[in-house]
Amino acid sequence: MKDNKRLSRSAILSQPLSTLSFVDAITGDYCIIDVRSPKEYEEGSLPGAVNIPIFDNEERSLVGTIYRQGGRDEAVDTGFGLVEERLADLLADFVSYRNQKIALFCARGGMRSRSVVNLLAQNGFSAWQLEGGYKQYRQHLLEILARFSPSCIVLHGLTGTGKTRILQHLDHAIDLEDLAQHQSSLFGGMNRHPRSQRWFDAYLHKVICELGQEPYFVEGESRQMGNIYLPSGLAGAMKTGRLVLITATMETRVARILEDYPVDNDQTVAEVERILKSLRRKLGGAITDKLCSLLHQGNLAELVETLLTEYYDKRYQNNLLQYSYQFSLSSENIPWAAAELTAFRQRLLA
């Protein structure tokens with residue numbers, strides 16, 4: 001291993017580098033690879049990025065400390081000392097991507113990504129370093145999101161009317177709940193893995209790069225969805241957009257909620273009960289106890305209808321009445337509703 005000059009430090013760091021912009025990587029046909037530590041990746045990365053770390057979390061912390069205390073050269077020496085014996089293993093982690101175009105980045109577009117790009121290039125891969133690393137990407141992303149205040153067609157309606165289902169049938173749509181992996185309600189994180197703010201921002205930016213011409217369809221949301229916040233420009237655009245009221249019968253709403261929130265195991269039952277009990281102060285003891293009883297009886301349809309009439313509808317009906325709508329649209333037939341909205345958008349463009 002030590003005699004393999006192709007894996008030597010000088011060969012890896014001294015070669016000229018091919019670079020690529022983040023927008024080109026996101027919108028192009030690239031396999032995006034994040035070589036930062038697992039902790040860095042978990043906190044936020046690019047949409048669809050694969051994590052192949054050079055350092056583990058402890059090693060990354062050590063190199064960072066040495067960089068701050070001893071400077072760049074000492075940090076580079078330490079970093080190469082940590083990975084020199086396992087460069088061949090690192091190269092093996094990329095074998096499955098040999099026939100793809102690889103866009104690769106680290107924290108600041110420094111030694112980590114530079115060394116791996118040149119290592120890959122020397123071994124027959126097509127690899128580019130993303131300019132400026134994650135730090136530059138994050139700064140660029142926040143600047144774009146701060147300016148993003150598009151013309152919107154905003155779908156409002158009571159819980160269960162199928163607003164998200166309609167969005168899934170539309171082009172030029174921003175599905176915020178899907179981006180957040182949270183359905184913007186007390187039960188919105190069930191059976192999902194809600195994204196962090198950084199991950200949400202990254203996926204929203206990717207959608208913005210692909211949306212095309214305004215106006216965009218979006219569901220009316222509060223600015224906070226679970227643990228994430230919408231960019232202020234988008235939140236403002238949703239308030240001033242063209243509003244459409246979506247309606248559906250109680251029977252349809254209940255059926256859709258049962259489909260969207262399956263309660264099919266003990267763990268989910270326990271989670272639903274915990275959430276129901278958190279409503280005791282708002283609903284009172286009698287209604288809360290009734291809901292918990294219905295849950296354990298397996299009478300989920302009555303539970304959902306009671307929760308809608310006693311909590312969600314009372315909570316949101318007054319808010320809906322405060323808005324002025326372009327028109328009201330039944331969502332009993334989702335494809336038909338989507339077609340009507342598409343035609344409405346075409347009239348706006350004309």
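Reply: **A close look at one part**

Gln 129 is placed in strand E5, which covers residues 126-130. Helices (H or I, at least four residues) and strands (E, at least two) are runs assigned by DSSP and numbered from the N terminus. The model is predicted: local features need pLDDT of at least 70 and side-chain atom pairs count only at pLDDT 80 or more, while totals for chains, interfaces and linings use all residues. Residues are numbered from 1 along each chain as its sequence is written, and side-chain values use heavy atoms, with hydrogens and water left out.

Is Gln 129 buried or exposed? Gln 129 counts as buried because its relative accessible area is 5%; buried means under 20%, exposed over 50% and partly exposed in between, using a 1.4 Å probe and protein chains only. Leaving aside neighbours within four places in sequence, Gln 129 is in contact (heavy atoms within 4.5 Å) with Leu 17, Ser 18, Thr 19, Leu 20, Leu 104, Gly 109, Gly 110, Ser 113, Arg 114 and Val 117.

Asp 34 is found in strand E2, residues 31-34, and counts as buried because its relative accessibility is 0%. The side chains of Asp 34 and Arg 36 are joined by a polar contact of 2.8 Å. Such a contact is a pair of N or O atoms within 3.5 Å; within protein, one must be able to donate a hydrogen and the other to accept it, and residues adjacent in sequence count only if both atoms are side-chain atoms. Beyond four places in sequence, Asp 34 touches Tyr 41, Ser 45, Ala 49, Val 50, Asn 51, Ile 52, Pro 53 and Phe 105.

The view can now widen to the whole chain. The chain has 18 helices and 12 strands, and buried residues make up 46% of its 350 residues. Of the contacts between residues at least 6 apart in sequence, 73% join residues at least 24 apart.

In soluble globular proteins, nonpolar side chains tend to be buried together. A nonpolar core is a set of buried Ala, Val, Leu, Ile, Met, Phe, Trp, Tyr and Cys residues joined through side-chain atoms within 4.5 Å. Here the largest such core has 37 residues, and Ile 32, Leu 46, Leu 130, Ile 174 and Leu 176 have the most contacts inside it. At least two residues of this core come from each of several elements, among them strand E4 (101-105) and helix H11 (197-210). H11 gives the largest share, 5 residues. At least three residues of this core come from each of domain 1 (9-135) and domain 2 (148-349); these bounds come from an automatic or database domain assignment. Ile 174 has contacts beyond four places in sequence that include Phe 148, Leu 204, Val 207 and Tyr 216.

Rings of Phe, Tyr and Trp (its six-membered ring) pair if their centres lie within 6.5 Å; planes under 30 degrees apart count as stacked, over 60 as edge-to-face and the rest as tilted. By this rule there are 11 aromatic pairs. Phe 148 and Tyr 216 count as stacked because their ring centres are 6.3 Å apart and their planes lie at 25°. This pair links distant parts of the chain, 68 residues apart: Phe 148 lies in the loop between helix H8 (133-147) and strand E6 (152-157), and Tyr 216 in strand E8 (residues 216-219). Phe 148 and Tyr 216 are both buried. Elsewhere, Phe 22, Phe 105, Tyr 134 and Tyr 137 form one aromatic cluster.

The loop that holds Phe 148 also holds Ser 151. Ser 151 counts as partly exposed because its relative accessibility is 37%. Its contacts beyond four places in sequence are with Glu 214, Pro 215 and Tyr 216. The C-alpha atoms of Ser 151 and Pro 215 are separated by 4.7 Å, although these residues are 64 apart along the chain. Pro 215 itself lies in the loop between H11 and E8, and a cis peptide bond, with omega about 5°, joins Glu 214 to Pro 215. Most residues other than glycine have a negative phi, and most peptide bonds are trans. His 172, which is not a glycine, has a positive phi of about 55°.
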